Amino acid sequence: MPIIEDFDARYLLGVDAMDVTHREFVGLVNRLAASDNAGFAAGFPELVAHTREHFAGEDRLMEACGFPAIAEHRAEHARVLGDLERLASKVVSGRARLARAYVVEQLPSWFDLHAATMDSALAARIKGSVRVAAPLAGGGLDKTGSTG
Ligand SMILES: [Fe+2]
Ligand SMILES: [Fe+2]
């Protein structure tokens, strides 16, 4: 049984770029959790690299849409990526126990909360930006005096 379940029911946010990345993330976590020691050691760097891109991509989205809580969301990404990078150096030197415990015991609940709060807020902001952008493209700004 995967340790992160029901992706479609629980984690879809309605922003394709985020949903695709999150589905990949969950797949990597589930695969690592089920792997033997050799498979874990081989696969852990992939999770770290994927997470680095995942967070960098969201950081760019936050900048692009003017996400208000960008500092907090960025700091949370940096904290988790820092954890993963420290664990990766242990895995490289043959000490994978802590990394496995982190993947199995902490990442699923971290993702659950992060997706429901910070990522969900970012997705809402992105979707809101699209709706706001539409009338701007079509004119209709008479009463705001945009062009006079
Ligand atoms: Fe995310
Ligand atoms: Fe995030």
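**Figure 1. Arg10 in helix α1 of the predicted model.** Arg10 is part of helix α1, which covers residues 7-10, in a structure that is a predicted model. Arg10 counts as exposed because 12 C-beta neighbours lie inside 10 Å, and the limit for an exposed residue is 12 or fewer. Although Arg10 and Ala115 are 105 residues apart along the chain, their C-alpha atoms are separated by 9.2 Å.

**Figure 2. The chain as a whole.** The chain contains five helices and zero strands, so that its pattern, read along the sequence, is α-α-α-α-α. Of its 148 residues, 20% count as buried. Among the contacts with a separation of 6 or more, 69% are accounted for by residues 24 or more positions apart.

**Figure 3. The largest nonpolar core and the surroundings of Leu32.** The largest nonpolar core has 14 residues, and those with the most contacts inside it are Leu28, Val29, Leu32, Phe44, Leu47, Ala99 and Val103. Two or more residues of this core are given by each of α2 (16-34), α3 (37-65), α4 and α5 (97-137), with the largest share, five residues, coming from α2. When neighbours within four places in sequence are left aside, Leu32 is in contact with Phe40, Gly43, Phe44, Leu47 and Val103. There is also a second, separate core of seven residues, which includes Val15, Met18, Leu61 and Leu122.

**Figure 4. Helix α4 and the glycine just after it.** Helix α4, made up of the 23 residues 70-92, reaches 32 Å from its first C-alpha to its last, a distance close to the 33 Å expected at 1.5 Å a residue. Within α4, the residues His73, His77, Leu84, Leu87 and Val91 are buried. Just after this helix, Gly94 takes a positive phi of about 85 degrees.

Technical notes: Residues numbered from 1 in each chain as written. Chains lettered and ligands numbered in written order. Predicted model: local features only at pLDDT ≥ 70, side-chain atom pairs only at ≥ 80, totals over all residues. Helix = DSSP H or I, 4+ residues; strand = E, 2+ residues; numbered from the N terminus. Expected span 1.5 Å × (residues − 1). Core = buried A, V, L, I, M, F, W, Y, C linked by C-beta atoms within 7 Å. Contact = placed C-beta atoms within 7 Å.
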